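Please look over the sequence and the model below before reading on.

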Amino acid sequence: MSDDLLSAEQRDARYVMHPLTDARANLQSGSLLMERGEGVYVFDNVGNRYIEAMAGLWSVGLGFSEQRLVEAAVKQLNRLPYYHNFSQKGHNPMVDLAEKLIGMAPVPMSKVFFTNSGSEANDTVVKMLWYRSNALGETRRKKFIGRKKGYHGITVASGSLTGLPVNHRSFDLPLPGFLHVSTPHHWREAQPGESEEAFATRLATELEDLILKEGPETIAAFVGEPVMGAGGVIAPPATYWEKIQAVLSKYGILLIADEVICGFGRTGNMFGCETFGIKPDIMVLSKQLSSSYQPISAILLNERVFEPIADETHTIGTFGHGFTGGGHPVAAAVALENLNILEERNIVGHVRDISPALQDGLRALSDHPLVGEVRGLGLIAAVELVTDKGAKSSRHPAGALGKRAAAVLQNKGVISRAAGDALTFCPPMIIEKDQIDAILTALRSALDETAKEML
C-alpha cells in the first residue's frame, strides 16, 4: 500500500521504533498520536481530548500552551538560534540561566554544567566523579550506590545507576561498580510491626554495611531521588534522608540529588531537597526546568566537587567532555522564562494549595477492592493495585493489573502511567480542582471496570 493511503498510526507502525514499548505490539496497531495541547489537556489526531495526568513524562509543569515560553523561543531563534559552549565560548542565555539556578539552589552551589536530558546529566556526573577521583589521587574511588527501583536515566552509565530490571534486562547492565541498596518503601518492604523510623534505621545500616564491605575508599557517591518517580512514586519513610546523610558524611561519600522529577515545585517546595532536608553535593535538574518545551538539563556542583575537577582540567589543558546542544541558547532562554513564570505566578504556592484535592481524593479510594496503597505528596502520587489486600499481591502476572487499569482510564479520557501495578499521577502544576475532580471520577470508574474483569 502506498504511504499516501496509510493512516498516521499505520505509518508510525511502519517507521518508528518507540522507547519503553513492545515493538512487536506497535507493529500491529501503531501508537496513540497527539495533535495539540492546551493547558492540562492533549488532543489526539482524531480529536479526542485527554487530561494529561502525567504532564507528559513528569515534566510539563506549566501545561501545554504557555505562550510566554513559545515567544521566548521565537525571540531567541531570531537573535541567536544556536551557539555552543566549548573552548571558553558561550552566550548570554546560558550565563543568565546558570546564575539564576545558583541563586535558587537550596544549598550553596558553585557551578552549572549543561546537558540535554536527565540521562545525559547523570551520565556526565559519573564521568565527572571518576575524573575528580583521579584528580585527587583516589584512583579506587569509582563505585556508585543507587537504590532498587531508583530511576536515573538510560545511557550506559545512568542506566547502571538506575535500579529497575526492565532497564537492565538484555542490555548487560548494570556495569561493574554500580551497586544498589533497598527501596525505601515502607508499605512494601517493612517487616511486620516495623515503624517508619525503625525501617529507616535498618536501611541506613544496610547502606553502612555495604560501604564497609566494598571499602569506603572505593565509593564515589550515593545517588537518590528525593521522591522516587518511575519506580512507582515512593516517598521516603520518616527520618530516612537524615539517617542516610549521616552515613555518607561519616565516610566522606558525596551525595547526588536527582531532582529531575521533583525539582521546581512538584513536591510543594521549589526542590525536593527542601521538602526532605537533603543537602547534596550535586543536584541534577531537567524536565520542569523548561516545562519540557525544550530539551535541557543542568548539573549543579558545589565547591567540594568543582575544585578538584578544575585543577585536573588545568593540568590536562581541557575538560574532555561536552555536548553539541549543551546549554543551547533557545533551550536556555525558554528555561529562564519558565523559572520567571514559576516565581511570578507562585506556582509552588499553587501546588501547596491544590495538592490536598489530589492527595485526599486519591486516598478516598483506599476502600476500593483493587487499591492496596495510595501514596505521594504535592502533585505526585501513585495508587498501587492488588487483588489480595492482605498479601499485598495480584493473582495476575506482575504489571498486568496496572497496564489494564491504565488502558481503561485512558479510554475514559485520563492519561496515567503504570509503574508495575501502580498507577502514577503527576499532572501539570497549573491544574485546578475541577480538573482534579475529573481525574478522580474517571479513576473510580476505571477501577470499577477493571475490578469486574480482573478480580
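This is a predicted model: local features need pLDDT of at least 70, side-chain atom pairs count only at pLDDT 80 or more; totals for chains, interfaces and linings use all residues.

Residues are numbered from 1 along each chain as its sequence is written, and side-chain values use heavy atoms, with hydrogens and water left out.

Along its principal axes, the C-alpha trace of the chain spans about 65 × 60 × 50 Å. Of the 455 residues in the chain, 54% are buried, where buried means under 20% relative accessible area (1.4 Å probe, protein chains only).

In soluble globular proteins, nonpolar side chains tend to be buried together. Here the largest nonpolar core has 70 residues, a core being a set of buried Ala, Val, Leu, Ile, Met, Phe, Trp, Tyr and Cys residues joined through side-chain atoms within 4.5 Å. Leu97, Leu101, Phe264 and Leu362 have the most contacts inside this core. Leaving aside neighbours within four places in sequence, Leu97 is in contact (heavy atoms within 4.5 Å) with residues including Phe114, Leu289 and Ile296.

Serine 110 is buried, with a relative accessible area of 15%. Leaving aside its neighbours within four places in sequence, serine 110 is in contact with Ile102, Leu301, Asn302, Glu303 and Phe306. Serine 110 and isoleucine 145, by contrast, are 35 residues apart in sequence and 24 Å apart in space, C-alpha to C-alpha.

Conventions
Buried means under 20% relative accessible area, exposed over 50%, partly exposed in between (1.4 Å probe, protein chains only).
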